[in-house]
Amino acid sequence: MSRAVEESNRAMLRARDAMDRAYAEPLDIPALARIALVSEAHFIRTFRATFGETPHRYLQRRRVERAMALLVETDRDVTDICYAVGFGSLGTFSRTFRQIVGESPTDFRRQRVAPANVPSCFTKAWTRPSSFG
Amino acid sequence: MGMTMNAISRSQIYVLDQDAALDFYVNKLGMEVNTDQDLGFMRWLTVNLPGDPEREILLEKPGPPALDPATAEQVRELLTKGALGGYLFMTTDDARKTHEDLVAKGVEITDEPTERPYGIDFGIRDPFGNKIRIGQMFPRA
């Protein structure tokens, strides 16, 4: 039993890594399910059981985290950033950003300063807005 | 009071299988076996980067008697979902070339080489779930 859990966890992690890598591309559940070696229906359910949120939600947080970084570290305009991180419309981006971060992209940009030079993987993991309160 | 410690000589990460770990860290990453000894109660397996035997990484398999079976199982579950925290940072003279080599060897890339304020770095994951970051660092200001 435990070996099966380990193999499932590792496969789900492999799929999550793929989302981290290709966050700006459309969410491709069939491709992710293939990486995780499970059916599509099984993938969403197992991902959620493993990481506490759906693949869709994880990808949203990954994209918003990228957007937060670009808002702080660059002068690119909000629309440009919206598409760069993978959102299909400014409306969805603004709504999702506000829902997750609690303020609009423009307000967020005004109030933040760029973080210190820590390895980007830590910044990525720790600046990702939480789903878990 | 002055500190007298002068080096980080050994670090530890958990692995699910020491033979698979040896294959990955030595044959894929190009590290060297420092010590591989059956101590009876455990297999003491450490590796180091070539030319740097003073800094070893212990590849430890979680299990009894050090950990009870249920705890060892928890460790394995967290490790495989990438949540255990085992993390190695290595430096290189050429991040893009190292990345190319590792891709050719089928290593899982988590993050492509990217130039950051501190250097050019990329991320990989070992077969068990540990994260490794490899960076070509700029001189510190």
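In helix α3 of chain B (residues 95-104), the buried positions are Ala95(B), Thr98(B) and His99(B). A residue is called buried when 20 or more other C-beta atoms lie within 10 Å of its own, exposed when there are 12 or fewer, and partly exposed in between, with C-beta atoms placed from the backbone. Looking down the axis of α3(B), the buried residues sit within an arc of 100 degrees, so they line one face of the helix; the arc is that of the directions from the helix axis to the C-beta atoms. On the face turned away from that buried side are the exposed residues Lys97(B), Glu100(B) and Ala104(B). The cover over the buried residues of α3(B) includes β6 (108-116), β7 (119-125) and β8 (131-137) of chain B. Helices (H or I, at least four residues) and strands (E, at least two) are DSSP runs, numbered from the N terminus. Just after α3(B) comes Gly106(B), with a positive phi of about 80 degrees.

All of this is read from a predicted model, in which local features need pLDDT of at least 70, side-chain atom pairs count only at pLDDT 80 or more, and totals for chains, interfaces and linings use all residues. Residues are numbered from 1 along each chain as its sequence is written, while chains are lettered from A and ligands numbered from 1 in the order in which they are written.

Chain A has eight helices and zero strands. Its C-alpha trace spans about 50 × 30 × 25 Å along the principal axes, and 27% of its 133 residues count as buried. Among contacts in chain A with a separation of 6 or more, 59% come from residues 24 or more positions apart; two residues are in contact if their C-beta atoms, placed from the backbone, lie within 7 Å.

The chain splits into domain 1 (2-52) and domain 2 (57-127), with bounds that come from an automatic or database domain assignment. Taken over C-alpha atoms, the centres of the two domains of chain A are 24 Å apart. Eight residues of domain 1 of chain A are in contact with eight residues of domain 2 of chain A. On the domain 1 side, α1(A) gives the most, with three residues. By class, that side has five nonpolar, no polar and three charged residues. Here Ala, Val, Leu, Ile, Met, Phe, Trp, Tyr, Cys and Pro count as nonpolar, Asp, Glu, Lys and Arg as charged, and the others, Gly among them, as polar.

Now for the helix packing inside chain A. The axes of α1(A) and α3(A) (residues 40-51) come within 10 Å and cross at roughly 100 degrees. Axes are lines fitted to C-alpha atoms, for helices over the stretch in contact, and angles run from 0 to 180 degrees between N-to-C directions. The two helices, α1(A) and α3(A), are therefore roughly perpendicular; angles under 35 degrees count as roughly parallel, over 145 as roughly antiparallel, 65 to 115 as roughly perpendicular and the rest as oblique. From α1(A), Ser8(A), Asn9(A), Met12(A), Ala15(A) and Arg16(A) meet Thr46(A), Phe47(A), Thr50(A) and Phe51(A) of α3(A). Four of the residues in this contact are nonpolar, four polar and one charged.

Thr50(A), in helix α3 of chain A, is buried, with 22 other C-beta atoms within 10 Å. Although 38 residues separate Thr50(A) from Met12(A) in sequence, their C-alpha atoms are 7.6 Å apart in space. Leaving aside neighbours within four places in sequence, Thr50(A) is in contact with Asn9(A), Met12(A) and Lys81(B).

Between the chains, 16 residues of chain A are in contact with 20 residues of chain B. On the chain A side, α1 (2-21) and α8 (120-127) each supply at least two residues, and α1(A) gives the most, with eleven. That side has five nonpolar, five polar and six charged residues.

One of the partners of α1(A) is helix α2 of chain B (residues 69-80): their axes come within 8 Å and cross at roughly 20 degrees, and the two helices are therefore roughly parallel. Ser2(A), Val5(A), Glu6(A), Asn9(A), Arg10(A) and Leu13(A) make the contact with Glu73(B), Arg76(B), Glu77(B) and Thr80(B).

Gly129(B) lies in the loop between β7 and β8 of chain B and is buried, with 26 other C-beta atoms within 10 Å. Not counting residues up to four places away in sequence, Gly129(B) touches Arg10(A) and Leu13(A), along with Leu79(B), Thr80(B), Lys81(B), Gly82(B) and Leu84(B).
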